[in-house]
Amino acid sequence: MGRFHQHEDSPDHEHHGDHGDHGDHGDLSGYETGPERVVVLERIFGENDRLAAANRSTFDAAGVTAINMMSSPGAGKTAILRQTLVNLPDTTRVAIIEGDIETSLDAERLAGYGAQIAQLNTASGFGGECHLDAPMVASALPRLDLVTADLLFIENVGNLVCPAEFDVGAHHRVMVYSITEGEEKPLKYPVMFRSVELVLVNKLDLLPHLDFDLPLFLRNLASVNPAATVLQVSARSTEGLDLWYNWLAEIGQRSERAATISATPREDLPACDPRADADALRASTRKRP
Amino acid sequence: MHELSLCESIYEIVDRTAAGRTVTMIHLEVGQLRQVVPDTLTYCWTVVSDQTTLAGSQLVVHTVPVTLRCLDCGSTTTLTDELLLLCTKCEGADVSVTAGEEFMLTSLELAEA
């Protein structure tokens, strides 16, 4: 799957069984005795991952860059997306899959900004699942015209556990963490914090009112995911969001798909305000190696 | 709580592999970095397999501890309780996970024909 692999550039990184090389999976000798035992060695996420790969092919063919956004409930995914829709240049065309267990409240918050939105309620036909998986995302795709989109945001169900386990086919995995959640969250949910390449540390405007120890949080995050890019933002005050827009422009430029489809001049991003330099300094921007 | 959908994936694999034969035990390897609760998984299996040809079969979860290789000093760490992904020798955080992310159906046990 590669989603836990933060060191893909490293020549000595050992690719493990998730890539299908089942040969190194522990001592299975005990399983192979006795005539009634059948060796299977099949990955349980196999079917999901096949569909995730199919979704990714669909995104590639349409020239759209897909971003899986995850967080706990209330961390600010929708608020950040709303600011993003307001502030990205009109030439960047956005589509959104809005995942929730119930209600279309978030889709309503995002309506009216020119983005295509497909609501995906997991309570309707998906057993009230606490996450989006590849088949669910695939079911929403016919409702979007991906060819006319540059960026596809897949807003996952708010949950720090299950969404990390399911590849939905996105090119990039991002999480929103809010400073009201406590410094220890990376240690409690290492799989989620380890599965993403970017962490948006949100609600920074509340810092003066909280006992939140930001350096401790950053140390905890680095201990589970030293390769993550960290951007400190506030969807409410808009502080730091220019760094997020720049990151989106960068991944758009890195993606040949986006480059061939869209002739968008990325220079016309909103000018950074004078605080941005200070924000950039404060942001712990540890880039991937 | 995604154990229920995991059990549905397991069901699909077991049903296809067993091809009508009676299954008694289903062995899984689950790495400790997978956020799977074994008791919940085995409970969900009874729900998913109930009233099917796989009813009465048991899930056996073999837990695989997390093993890290330090990219700085090269030493190997096996984690015991806390999932702190740090090298125990040099305390470096630049580690690669060499075990602990497994989630695999390894084998089935079938009833005597």
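**Core.** I started with the largest nonpolar core, which has 95 residues. A nonpolar core here is a set of buried Ala, Val, Leu, Ile, Met, Phe, Trp, Tyr and Cys residues joined through C-beta atoms within 7 Å. Buried stands for 20 or more other C-beta atoms within 10 Å of a residue's own, with C-beta atoms placed from the backbone. Ile96(A), Leu152(A), Ile154(A), Val199(A) and Leu200(A) touch the most other members. Helix α8 (residues 241-254) of chain A supplies the largest share of this core, five residues. Helices (H or I, at least four residues) and strands (E, at least two) are DSSP runs, numbered from the N terminus.

I then picked Leu200(A) and listed its contacts (C-beta atoms, placed from the backbone, within 7 Å). Leaving out residues up to four places away in sequence, Leu200(A) touches Ile80(A), Val174(A), Val176(A), Leu231(A), Val233(A) and Trp244(A).

**Ground rules.** I'm working on a predicted model, where local features need pLDDT of at least 70 and side-chain atom pairs count only at pLDDT 80 or more, while totals for chains, interfaces and linings use all residues. Residues are numbered from 1 along each chain as its sequence is written, and chains are lettered from A and ligands numbered from 1 in the order in which they are written.

**Helix α7(A).** Which residues of α7(A) are buried? I found Phe217(A), Asn220(A), Leu221(A) and Val224(A). Looking down the axis of α7(A), these buried residues fall within an arc of 100 degrees (taken over the directions from the helix axis to the C-beta atoms), so they line one face of the helix. They pack against α5 (185-188), α6, β7 (198-202) and β8 (229-232) of chain A.

**A to B.** The contact takes 39 residues from chain A and 37 residues from chain B. On the side of chain A that touches chain B, β1 (37-43), α1 (46-62), α6 (190-194) and α7 (214-224) of chain A each give two or more residues. β1(A) gives the most, with seven residues.

I also checked how β1(A) pairs (at least two DSSP bridges between two strands). β1(A) runs antiparallel to strand β6 (residues 103-110) of chain B over five bridges. Glu42(A) stands opposite Leu105(B) in β6(B).

**Sheet in B.** Three strands of chain B form an open antiparallel sheet in the order β4-β3-β5. β4 (76-78) and β5 (95-99) of chain B are at the edges, each with a single partner strand, so one side of each has no neighbour in the sheet. Strand β3 (residues 67-70) of chain B joins β4(B) through three antiparallel bridges. Arg69(B) has Thr76(B) as its bridge partner in β4(B).

Terms used
Contact = placed C-beta atoms within 7 Å. Buried ≥ 20, exposed ≤ 12 C-beta atoms within 10 Å, placed from the backbone.
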